[in-house]
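Please walk through the structure below one residue at a time, and then take in the chain as a whole.

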Amino acid sequence: MNIQPLDVLGGVMFLAGLAVVTGVVASAVAPGQRLGVGASLMVLGTAAVAGPRMYQKALETTN
């Protein structure tokens, strides 16, 4: 499978979310807020990678 631009974007978003959750980035922000923002970035990064692949697989299955 070829690497698509969304794979790179999703990976970067996931790693950025992980960095925010662990406090490597934005350590001065309240922990609860870091957790919310970091988790959102991680979920959106995962969706950016998995979404198009699942959509393509669904199209191939129905045809």
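Arg34 sits in helix H2, which covers residues 31-62; helices (H or I, at least four residues) and strands (E, at least two) are DSSP runs, numbered from the N terminus. The model is a predicted one, in which local features need pLDDT of at least 70 and side-chain atom pairs count only at pLDDT 80 or more, while totals for chains, interfaces and linings use all residues. Residues are numbered from 1 along each chain as its sequence is written, and side-chain values use heavy atoms, with hydrogens and water left out.

Buried means under 20% relative accessible area, exposed over 50%, and partly exposed in between (1.4 Å probe, protein chains only). A salt bridge is a side-chain nitrogen of Lys or Arg within 4 Å of a carboxyl oxygen of Asp or Glu. The side chain of Arg34 does reach the backbone oxygen of Val20, at 3.3 Å. Leaving out residues up to four places away in sequence, Arg34 touches Val20, Val21, Gly23, Val25, Ala26, Ser27 and Val29, where contact means heavy atoms within 4.5 Å.

Gly38 is also found in helix H2. Its relative accessible area is 0%, so Gly38 is buried. Beyond the residues up to four places away in sequence, Gly38 touches Gly17, Val20 and Val21.

Ala16 lies in helix H1, residues 5-22. Ala16 counts as partly exposed because its relative accessibility is 31%. From the C-alpha atom of Ala16 to that of Ile3, 13 residues away along the chain, the separation is 19 Å. UniProt, in an unreviewed entry, places the feature "transmembrane region" at residues 12-30; UniProt positions are given in the numbering used here, feature names are shortened, and annotations may be inferred rather than shown by experiment. Over residues 12-30 the chain is 58% helix and 0% strand, and the end C-alpha atoms are 23 Å apart.

Asp7 is in helix H1 too. Its relative accessibility is 15%, so Asp7 counts as buried. Apart from its neighbours within four places in sequence, Asp7 is in contact with Asn2, Val49 and Arg53. Side chains of opposite charge can pair when their charged atoms come close. The side chains of Asp7 and Arg53 form a salt bridge, 2.8 Å from N to O. Arg53 lies in helix H2 and Asp7 in helix H1, so the pair ties together parts that are 46 residues apart in sequence. At 35% relative accessibility, Arg53 counts as partly exposed. The count of salt bridges comes to one.

The last step is the chain as a whole. The protein chain has two helices and zero strands. Its C-alpha atoms fill a box of roughly 50 × 20 × 10 Å along the principal axes. The radius of gyration is 15 Å, whereas a compact globule of 63 residues would have one near 11 Å; the radius is taken over C-alpha atoms, and the globule rule is 2.2 Å times the number of residues to the power 0.38. Buried residues make up 19% of the 63 residues. Among contacts between residues at least 6 apart in sequence, 59% join residues at least 24 apart.

How values were computed: Polar contact = N/O pair within 3.5 Å; in protein donor to acceptor, adjacent residues only side chain to side chain.
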